[in-house]
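Visitor: Please walk me through this model, and tell me what stands behind each term you use.
Guide: Gladly; here it is.

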Amino acid sequence: MTVQQVLFFLFGAIALGAAIGMVTARKVFHAALWMLLAFFGVAGLYVLLEAPFFAAAQLFVYMGAIGVLIIYAIMLTRGMMRQRLPRVNDQWWFAGLLAAALLVVLAWLVWQHPWATTTAAAPADSLNRLGLTLVDPEGFALPFEVASVLLVMALIGAVTIVRER
Amino acid sequence: MVPLQWYLVLSAALFCVGLYAVLARRNAISILMGIELMLNAVNINLLAFWRYTQPEAAVGQAFAAFVYAVAAAEVAVGLALIVSIYRNRETVDVDEINLLKW
Amino acid sequence: MESLSRFLAFLADAIVNIGDWIRGLLLGAGLVDPWVSLIMKAIGALVVAFFPLMVVVFLIWAYRKVAARMQGRLGPNSSGTWAGPYGILQTFADAIKMLTKEDIRPQGIDLIPYNLAPILVVFASIATWAVMPFGPRLIGSDLNIGIFYILAFSSAALVVFLMAGWSSNNKYATVGAFRSVAQLIGYEIPQLLAVLTVVMVTGSLRMQEIVGQQEIPLLFQLPVTAFIFFLASMAEVNARPFELLEAESELVCGYFIEYSGMKFGMFYLGEFMNSTAVAALFATLFLGGWRGPWVEQAPILGTVWFLLKMGLMLLLWMFIQITFPRLRIDQMLAFNWKFLVPLALANLCVIGLVNKGITEWFPGGVSTWTRAGILLMTNVGIFLATWGILAALERREQRRRETWRAAQVGEVEVSA
């Protein structure tokens, strides 16, 4: 068991355990906190995958921005808790069955497929390559600009929907 | 080295847990959290494939970066909708928001 | 005489030499290499984690002393209950007092977030010290995303304030947490843009690379960027004049309300450690980090220069904290969104263009002094232009508001 495998099990257990905690939490605020822990585990996995930029971006975007947004929304919609809602709806057993079946199928599929992997290490300037690709006109400059337009549209839309009349 | 299959199985497991959250929870915000978990699982998949099949090309990383942007935009709009629904219907239980207008 | 010169040579690169000596001891004791590396890394991590704690202990005393002298009183001193000469042991006395306070557990709180929040705040503060360059070869871990790692951790710590506020089961704490996060998120944007400008000019995210590129400190090349970063960082660490959310007279201390004893002590500690980290970051980004005269011959002087620059920034931070009053929440947010963000955006765009333009127009490369001069003039020009435009817009808005207000009273007829 190399150090990498031990770390993989550690971060994988954190991510998966926190995800299961998220779907079984009683209060929705606790579910949000479990979700943040799952994000942290996923950030650790990104470090193992030699993508440190994405680990930091995970902390920045998911924990710092999306997590805060979700907790804000929870606080804004729980003010008047008249009755405690049940956490799951009536078809939860079917949903669990479906999710388990999908997991079995996916796991079997990926396990027995011979993937063409290389054992080369990630190049040391992968960050530079990512930056160059994102602004190269023959690379991904157009999707980059479209993504920024998408974010502007999403922001304007969100602010318009939530505005007090 | 960690074999590629381990990463794929882990991301499949995270995806299925997110799917269960979307299908079985009643609170609309819990459903959104399940969607975020699914997007995270997809990102792990993308970066694992980038690392293990073609680490010199930056395509995999660029794809993952776009998934980040799309996830952020979707969360913003989704939460705005939920807060607006809460203001009109006083509930975020999706079982009770099943009529268009009365 | 020869042993003296050997001792001086050892001292010239003291910390690295001590590390080599410990490694020699461990290898001599019969351990194999992976374990030796692991133990060396653990020792290094402990030292790096203890450094901000020790600095903060001294900083709290220094802050109280400087504040007292600026306000015409004495501060902690050796009269009364003895607390060391000049009152140096005052911080230890405060810590012991906090340890002996009753650990109140309010009714109706959420236990786990309530107890986790102070720990996570200190965790996020200490974690940023892993990439601070203390010397030419002294850095916790020279990540190739160095500065981005620090920004990511200070952003991830935001959610901890929400945890603390919400789990306190107190509406003042919740409102304080809301406002705190609104302020912190808002001021992250100019901070990030200023750092992006520095990264663009130096061409790398790695901390040692940023320090290595500063033959002329970036403070003299990009003064306005330094100004934006400094103001935004003061707001990020909740220092006066941006101290609204944790002041005793506003909202009963914000999200701190229900915390007492050592938990409050940890929040306090975390805030001072954030200030130290921001001072060290400013020293690295804009003042040249460990650069200074005679660093090639004696690398230990690099650490000395770094500590001196950090101390200078901390002194400036203390002066500003002691002399300024607090801003209101709407003044603070207006200052951010209406002044700092447009300025930072204009700064980023124009400096990016000029930086690229320098490499295009002078294909033979320019000397560092010319480049520094061009960047300096561009920076000051952007500042004056943005200030002029924003001031003109604000004057027009003010005139419109006054006409409207006079129309309300009925003095002036407002034509549609």
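Guide: Let us start with chain A, where the C-alpha centres of domain 1 and domain 2 lie 24 Å apart. This is a predicted model, in which local features need pLDDT of at least 70 and side-chain atom pairs count only at pLDDT 80 or more, while totals for chains, interfaces and linings use all residues. Residues are numbered from 1 along each chain as its sequence is written, chains are lettered from A and ligands numbered from 1 in the order in which they are written, and side-chain values use heavy atoms, with hydrogens and water left out.

Visitor: What makes the two domains of chain A, and where are their bounds?
Guide: The bounds come from an automatic or database domain assignment. For chain A that assignment gives domain 1 as 1-84 and domain 2 as 126-165.

Visitor: Which chains touch, and how do you know?
Guide: Contact means heavy atoms within 4.5 Å. Two pairs of chains touch, and chains A and B have the most contacts among them. Chain B and chain C do not touch, their nearest C-alpha atoms being 15 Å apart.

Visitor: How much area do chain A and chain B bury between them?
Guide: Their contact takes 86 residues from chain A and 70 from chain B. Buried area is the accessible area (1.4 Å probe) that two parts lose on being put together, summed over both. For chain A and chain B this comes to about 7200 Å², with 75% of it on carbon and sulfur atoms.

Visitor: What makes the meeting of Arg51(B) and Glu50(A) a salt bridge?
Guide: The term asks for a side-chain nitrogen of Lys or Arg within 4 Å of a carboxyl oxygen of Asp or Glu. Here the N to O distance is 2.8 Å, and 2.8 Å is within 4 Å, so the pair qualifies.

Visitor: Why is α7(C) called largely enclosed?
Guide: Buried means under 20% relative accessible area, exposed over 50%, partly exposed in between (1.4 Å probe, protein chains only). Nine of the ten residues of α7(C) are buried, so the rest of the structure largely encloses this helix. Among them are Leu158(C), Phe161(C) and Met163(C). The buried residues pack against α2 (28-48) and α3 (52-77) of chain A, and against α5, α6, α8 and α12 (262-286) of chain C. After α7(C) comes Asn169(C), with a positive phi near 60 degrees.

Visitor: Is Thr197(C) buried or exposed, and how do you know?
Guide: Thr197(C) lies in helix α8 of chain C. Its relative accessible area is 0%, which is under 20%, so Thr197(C) counts as buried. Leaving aside neighbours within four places in sequence, Thr197(C) is in contact with Leu222(C), Thr225(C), Asn347(C), Leu348(C) and Ile351(C).

Visitor: What are the domains of chain C, and how far apart are their centres?
Guide: Chain C is divided into domain 1 (2-31) and domain 2 (109-340), and their C-alpha centres lie 35 Å apart. Six residues of domain 1 are in contact with six of domain 2. The area buried between these two domains is about 480 Å², with 68% from carbon and sulfur atoms. Ala12(C), Asp13(C) and Ile15(C) supply 72% of what domain 1 buries against domain 2, more than any other three residues. Between these domains the count of salt bridges is zero.

Notes
Helix = DSSP H or I, 4+ residues; strand = E, 2+ residues; numbered from the N terminus.
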